[in-house]
Protein chains: 2
Amino acid sequence: MAEKVYQCTVSAPVNIAVIKYWGKRDVGLNLPTNSSLSVTLSQDDLRTVTSASCSKSFEKDTLWLNGHAEDISASKRLSVCVEELRSVRRELEKENDSMDKISQLKVHVVSINNFPTAAGLASSAAGYAAFTEAIARLYDLTWTPTELSRIARQGSGSACRSLFGGYVSWEMGELHSGADSVAVQVEPVEHWPEMRVAIMVASAAKKGISSTSGMQATVASSTLFQERIKNIVPGRMQAMKQAIRNRDFETFAKLTMTDSNQFHACCLDTLPPIFYLNDTSRAIIRVIENINAAAGKTVAAYTFDAGPNAVVYFLEENSSYILDALHAVSKHAEGWEESARNPTSVKIDDVASETVSSGVSRVILTKIGDGPRILSPEESLIKEDGTPKNA
Amino acid sequence: MAEKVYQCTVSAPVNIAVIKYWGKRDVGLNLPTNSSLSVTLSQDDLRTVTSASCSKSFEKDTLWLNGHAEDISASKRLSVCVEELRSVRRELEKENDSMDKISQLKVHVVSINNFPTAAGLASSAAGYAAFTEAIARLYDLTWTPTELSRIARQGSGSACRSLFGGYVSWEMGELHSGADSVAVQVEPVEHWPEMRVAIMVASAAKKGISSTSGMQATVASSTLFQERIKNIVPGRMQAMKQAIRNRDFETFAKLTMTDSNQFHACCLDTLPPIFYLNDTSRAIIRVIENINAAAGKTVAAYTFDAGPNAVVYFLEENSSYILDALHAVSKHAEGWEESARNPTSVKIDDVASETVSSGVSRVILTKIGDGPRILSPEESLIKEDGTPKNA
């Protein structure tokens with residue numbers, strides 16, 4: 001008789017920071033130099049689906065990530081997450097005789113992003129959040145998202161924020177152990193559900209330096225960076241939380257743009273300098289400035305992570321106005337198909353318009369969303385025998 | 001009989017800062033928020049020639065700048081310089097009866113840059129330095145360059161540094177009057193004459209925000225900028241002076257690159273963000289990094305002012321090595337004609353090479369140079385009747 005295969009399938013969302021995480025005070029534990037704050041994006045559009053399973057028949061801890069198998073024990077980040085969750089399960093099994101002793105079994109994990117890695121979206125955040133959540137559910141752990149966030153953080157820093165929906169902060173904490181460096185929900189989706197998002201994917205010729213090594217170069221060499229983490233971010237975190245509580249889009253937007261700019265300023269103050277923004281990114285910034293100028297107030301905010309893609313935040317009430325303008329400068333990009341757009345009333349700088357038109361290959365229209373979801377067994381990525389469905 | 005026309009002709013150099021001036025604490029007096037330091041470039045290659053004249057027959061103070069006449073009294077910056085010099089002359093005339101009373105006469109000034117304004121070089125620095133020097137010479141003032149720098153500074157801040165050759169600092173000063181905000185020579189050309197310069201002119205599609213308004217936007221909105229001016233620049237000024245005194249190119253180069261990057265970082269930390277570097281600029285930075293990596297030490301330094309053009313500093317001993325590499329990525333640019341170049345041994349990033357190749361339209365090869373020169377009457381730009389020669 002075949003060994004029993006335990007399994008659970010979840011999905012986890014992408015999150016895009018509005019107060020940026022950049023820099024670690026402890027590289028091993030992924031403890032950040034400053035707190036950060038993000039908006040969770042809807043899993044209807046962007047998500048990682050992960051199935052975790054365990055069985056006596058499995059020979060080693062294995063992850064199939066987008067179809068490629070890897071040995072979990074060969075990855076420090078992956079094995080830290082598995083081992084921490086496994087030890088929690090082991091304690092529960094000790095306390096409760098009726099629980100199956102599945103902490104002793106090897107795991108098979110299958111994970112798929114529904115968005116191309118090449119899109120430059122923070123796939124590791126959704127990935128490690130789904131990985132942590134899937135194994136925690138497999139083990140029937142009753143931890144809160146904040147408790148789980150301490151584990152996901154060790155996989156990928158920003159993953160901790162993907163364990164919540166809505167508006168989420170990652171509080172940097174003070175302890176050397178990292179026990180207090182966790183994510184908390186600032187407000188749920190329902191508090192301010194009108195937040196909309198357009199991602200403008202710039203067809204980057206080449207990926208720049210990875211964020212993992214880039215951020216530590218900044219910590220080591222930027223003389224402006226210390227000022228940012230000590231004297232600027234703490235006040236911005238408070239102001240951003242207040243803006244979200246007040247549903248004050250203008251303040252939210254200005255802080256978002258200012259903090260994105262400052263993050264990239266610190267990258268430029270690094271030696272050798274790190275550039276993630278390219279001419280397309282800069283042209284998108286000009287287009288957003290044109291959109292806000294024409295509106296007479298700040299109705300759209302750009303933010304850029306470690307790459308040239310723009311993420312644009314706006315409210316549902318201004319959707320038509322903003323999407324018409326973005327469409328006018330990126331008509332030929334993939335992603336507009338289902339969105340019937342009208343000509344824009346916004347006067348857009350010609351050079352910026354041309355640059356965006358030739359540099360943006362794809363748009364993704366989405367909105368704020370909820371936290372990880374448990375999916376039905378039908379959605380599992382793992383067959384009953386414990387092998388990946390699409391392997 | 002025609003009225004006598006007094007006249008004098010001078011030339012003044014361009015200077016390129018290695019510790020950047022950005023931000024005014026007093027806009028009217030052009031008092032800077034931080035000290036700065038520059039290298040004066042040779043007038044054999046780049047210069048402004050200015051003839052100043054005065055005569056009873058002149059009806060108003062007029063400047064012909066590159067062929068365009070303008071009323072000096074309509075420009076606050078120009079008239080401040082003229083009036084300050086005129087009042088000094090007036091005092092001398094009072095004290096000395098034998099002096100001609102030319103301070104009462106209107107002036108005609110004719111000024112020509114030998115380089116295109118479109119090249120984005122700091123033409124106002126050479127321009128105001130030549131303007132100030134020409135009138136001071138016309139008036140037979142015996143002021144030192146430092147004394148004159150106080151006047152030129154009010155025309156254009158960085159002009160004060162073009163009154164000296166060699167390595168020049170502009171000490172920010174402390175007084176509200178600006179009396180102590182003057183240029184001084186750190187070292188003359190002869191101290192370290194081997195400094196060479198290649199200017200890579202990026203064919204900018206469009207000029208960005210002017211430095212005059214850009215710098216005050218940074219002062220008003222960048223939260224990192226205060227850290228730069230208070231806690232970073234003072235130490236860099238000392239370190240840069242020491243590097244120059246020690247003829248320590250590696251330190252000079254690293255400080256130059258770091259300070260250029262930080263200036264542009266502060267521009268990016270401005271709201272709305274200011275971008276002067278474009279994809280071509282960034283590619284030039286990569287090429288310089290490749291050149292230094294291949295050399296195993298820092299033999300070339302880039303710096304960028306308020307535009308996309310790169311100024312590259314290097315020593316004469318490394319000229320062939322560096323120019324061969326720069327030529328390899330900009331073969332079709334104007335300016336290489338007189339320079340027979342060999343293939344480069346440097347391995348240059350393909351994307352950077354292509355970007356530079358399509359983005360750099362012109363190179364200017366020059367070197368460190370001396371301060372303003374008095375030219376012979378044959379070089380005057382003014383006819384004997386006081387009108388411009390090419391009008």
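Colleague: What area is buried between domain 1 of chain A and domain 2 of chain A?
Modeller: This is a predicted model, in which local features need pLDDT of at least 70, side-chain atom pairs count only at pLDDT 80 or more, and totals for chains, interfaces and linings use all residues. Side-chain values use heavy atoms, without hydrogens and water. Buried area is the accessible area (1.4 Å probe) that two parts lose on being put together, summed over both. Carbon and sulfur atoms give 70% of the area between the two domains of chain A, and the total is about 3000 Å².

Colleague: Which residues of domain 1 of chain A lose the most area to domain 2 of chain A?
Modeller: An automatic or database domain assignment sets the bounds: domain 1 of chain A is 5-189 + 371-379 and domain 2 is 195-367. Together, three residues make up 29% of what the domain 1 side buries, and they are A:Ile19, A:Lys20 and A:Trp22.

Colleague: How many residues of domain 2 of chain A are in contact with domain 1 of chain A?
Modeller: Contact means heavy atoms within 4.5 Å. Domain 1 of chain A gives 30 residues to this contact, and domain 2 of chain A gives 41.

Colleague: Which residue forms a salt bridge with A:Glu171?
Modeller: A salt bridge is a side-chain nitrogen of Lys or Arg within 4 Å of a carboxyl oxygen of Asp or Glu. Three are counted between domain 1 of chain A and domain 2 of chain A. For A:Glu171, the closest N and O atoms are 2.7 Å apart, and the partner is A:Lys241.

Colleague: What area is buried between chain A and chain B?
Modeller: The contact takes 31 residues from chain A and 31 residues from chain B. Carbon and sulfur atoms give 62% of the buried area, which is about 2600 Å².

Colleague: Which residues of chain A lose the most area to chain B?
Modeller: Three residues together account for 22% of what the chain A side buries. They are A:Leu224, A:Phe275 and A:Arg282.

Colleague: Which element gives the largest share of the side of chain A that touches chain B?
Modeller: Helices (H or I, at least four residues) and strands (E, at least two) are DSSP runs, numbered from the N terminus. Helix H5 (225-245), helix H6 (249-268) and helix H7 (279-295) of chain A each give two or more residues to that side. The largest share, seven residues, comes from H6(A).

Notes. Residues are numbered from 1 along each chain as its sequence is written. Chains are lettered from A and ligands numbered from 1 in the order in which they are written.
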